[in-house]
Amino acid sequence: MSQLAPLLPMHRVNVLTGTRTARMVEDPTEYAKQILKAQRPLLVLGPQLMRITLGGRLLLEYALDIAKARNIPTCATATVKSKMVELGVTPDSVYDIVEIIHALKDPEWKGVRKEGNHDLVLFFGFRTDLGNQGLSVLKHFAPHLKTMTLCKYYYPHADFSLPNIRKDEQWKAFLEGLIENLKKE
Amino acid sequence: MAELKETNKRLEEIYHKIKAEIPWEPVGHTPMPEISDLRNWDMKLLQTYKPWYAPFCDLCCFCTFGKCDLTEDRRGACGIDISTQQGRWILLFCLMGASAHASHAGHILEVLIERHGPEKKINLGTSVDLEAPNIRTVLGLKPETLGDLKIAIEYVYKEITHLLDSTAMGQEGSYLDYESKALHAGMLDHVAMEVADIAQIVGLNYPTSVADTPLVDLGWNSVDKTKPIICFIGHNPATSTVVVDYLRENNLYDQVEVCGVCCTALETTRYSDKAKVIGPYSRQLFYVRSGIADVIMTDEQCIRTDMPKEATKAGSALIATIDKVMYGLEDASEMPTEEIVKKMVEEKRHFAILDPKKAAEVAVKVAMAIAPQRRKEWLTEQEAQEQSKKCTLCGMCETACPNLFDIGRGVSDVAKGNFETIRELFNLCIGCGKCEEECPRNIPILKIMQVGASMETYKVRAGRGPIMDTEIRTVGAPITLGTIPGVVALVGCSAYPDIRDLAEIVDEFAKRKYIVVVSGCTSMAVGLWKDADGKTIYEKYPPVFDAGGVVNVGSCVANSHISGAAIKIANIFAALPLRANYEVMADYVLNRVGAVGIAWGVYSQKAAAIATGFNRLGVPVIFGPHSSKYRRLYLSRKEEAEWKVMDARKKQIVETEEPSPEHLAYVCETKEKAMVMIPKLCIRKNDTPQGRAIKLNHYISLYKKYMGGGLPEDLHLYVRRDPDIPLVYKKEVKAYLTQIGWKPKEPVGLPTLIGTYPTKVPVDSVIH
């Protein structure tokens, strides 16, 4: 029910989603722990990664560092594949966000590496409205997996989300901390 | 026995209504279909294209049992689950949309019947014999007069009531049945739209049977602000056309400017090419706040609900002309004209006037009286700079913006004398005004953004109404064989950033010799762009329904001419009877007509209804990303789904393994990805090898352009045999196919879904 719980009416209701709201996480160590706990994580890459830079680096480069740190398979949505190719990386799969979500709903799906459906899906680089709607699909119809977001906004329909971050330096520090922690373990 | 008698009685009544005795075609299996009559067709579609639900919220709060938590398989106090609740929402959206069009149709029909009488003949010109493909297909009625259109709209009203009833507490309990009902509502919407537009064409003498309709002025600066200005906002031309009549009759048309935002503007240009179009919905609040309009006349749909406040703030007079939107204003329909004018001019009051003639006279007199007293100037850069200086970059505007645009940066740049950012933001902005509402320093952000507006005059082609039968005869074969690679219909609102995306999509596909059709606010948005030679889309491409043509059918209700064109291909070109034969028409469109709708910037419930109507007819629709907020898509899973069809010639069910079309309702996040999806969604099982090679050529080339080279991951699914491979990519594609172990597939002679699900329609019905 999130930290807002004590302030909300008794009727299991919150203002953001209804009842179930993402756990807000600010500590990259905790995020890293969740990722490391997962058997078959998946990193879904959105088109905002191709247009936003952070500390002089394209956001996509941070995403690829995260994937590389733990050999996390990637799914390139929209036209992200084009930028990945430029950076010399081949995505494990190419679907649009609604398509990958549609597949993830199915517990019997074999996943992008044909090793079984994923148990933790990280979303990074989507429009907030589309991202949040997509996360709602998984929250309601994919109880077999957990979701996590890496964008600088709070996504209430995810299982784990960053808070709204106003300062890009803070976001950058989080992502770098996460990469560091993933490499360390 | 009693049941049979009841059924016969019902059929007898229907046959009477549709004048079944007139033998223009035999009556098909589903005249005036009720909720369950096309349910099996829907279920067949839903088997492949499963609903993808994205709930906004975990709860149902529809009745006093609730709020009920529907998470983790919980059911509401009435028993409803989360999927069924989403199905209920989408049905409600479709019903809101369909009833908006149905009510518009009923209103304009009533006005025009009063003017011309119910016996007024429907004549859409020498090139349109098949005047009402939707009405003929759905009802089985061939409407010959305005009075006949009443039969169609009354059928729609009745069905809407039944459908709405199913959303009440304790009714429908299956999401699939809700979806079937939503598809029914969507189909009804196309009937309603067709009634509205045929009535308007006949009763208002709009252009028909002509492609080259006038190019009319478009844009902020197209209106001469030194004259009194009347601005229409909404969708229903019942009053705007009477204003034009009044101006003509009183020789005032050169003295008063008539313009509009949204579809009434488009409708008015079909009545008078001197009328101007300011722009689509996203420009509404900007224009109203500019105060350039002396009189604002609202009718219905897509109007700001705070219009009286906004008009007062801008010093404009406001007249509400239709009872659906009265804003709590005094109804002055019975008040003497001079008294209303006096109160509007001297006391600055707004009124509802439901009598179009009186409203027209008042509007002209008020505009002429107040225009000379009003300051009507665009905000200057200097003024904007001054007003921007209060910005502290607090970021409140950014968090209020639905697109999270950094508006504060634009405003603070203006304060520094840099107008580039604000220009860019103006093109991206959907004009909701929420940023200004949140600004703690009360900075008039929308007014400041005026300096970002282009002061160029653009062009939009006046809507032409139905696609001509003669055009269908020419393009029927190349479309169904695939040698015209597809029909791309860009429809609906344009409230999506960036407004230029739409023109770029049109340009790309017209250049590639697709047939491009536009309607509604999109038809205005695509006109707001010029190429390097200074030409708009409408000046660059011919207005023909043929390869490389760009056709503006008209306003929102003219969308029925796009679905109508698809039906016409089945009926005129393939000679399949359409009368009360919906399944055969839809099956033909799904399997053989490579058409795709793009509803890129849509926000309204009407767009949900229009798109769902296209879906039932077998036309896939691509939405922009924010349309995930409609909460439902229809997606296949290409690798897992069954792609079985009946080969009607061999009477054999065949597994084609070909996902065509892959999805029915789909969301793309970016324009670039939409560019790749459009050619793919135009692929149909009926394509000839030559046609398929052309379609794949576009799919591959756009994939290479936007996806960083290589070949599409699913290309092998669309190559049936060697001749399907486009010549230009032959070597590369063959190498890829060999590498993945692709095997050729037997082509299907005459693909159909009829015969693959329970239906009264015999397979032979699809053979022409």
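Colleague: What distance separates the centres of domain 2 of chain B and domain 4 of chain B?

Modeller: The centres are 38 Å apart, taken over C-alpha atoms. Keep in mind that this is a predicted model: local features need pLDDT of at least 70, side-chain atom pairs count only at pLDDT 80 or more, and totals for chains, interfaces and linings use all residues. Residues are numbered from 1 along each chain as its sequence is written, and chains are lettered from A and ligands numbered from 1 in the order in which they are written.

Colleague: How many residues does the contact take from each of those two domains?

Modeller: Domain 2 of chain B gives 20 and domain 4 of chain B gives 23. Contact means C-beta atoms, placed from the backbone, within 7 Å.

Colleague: Where does chain B divide into domains?

Modeller: Domain 1 is 18-204, domain 2 is 215-373, domain 3 is 381-452 and domain 4 is 458-752. Those bounds come from an automatic or database domain assignment.

Colleague: Switching to the chains. How many residues does the contact take from chain A and from chain B?

Modeller: Chain A supplies 35, chain B 33.

Colleague: Which helices of chain A each supply at least two residues of that side?

Modeller: H3 (80-86), H4 (97-104) and H5 (128-141) of chain A. Helices are DSSP runs (H or I, at least four residues), numbered from the N terminus.

Colleague: Which element has the largest share?

Modeller: H5(A), with eight residues.
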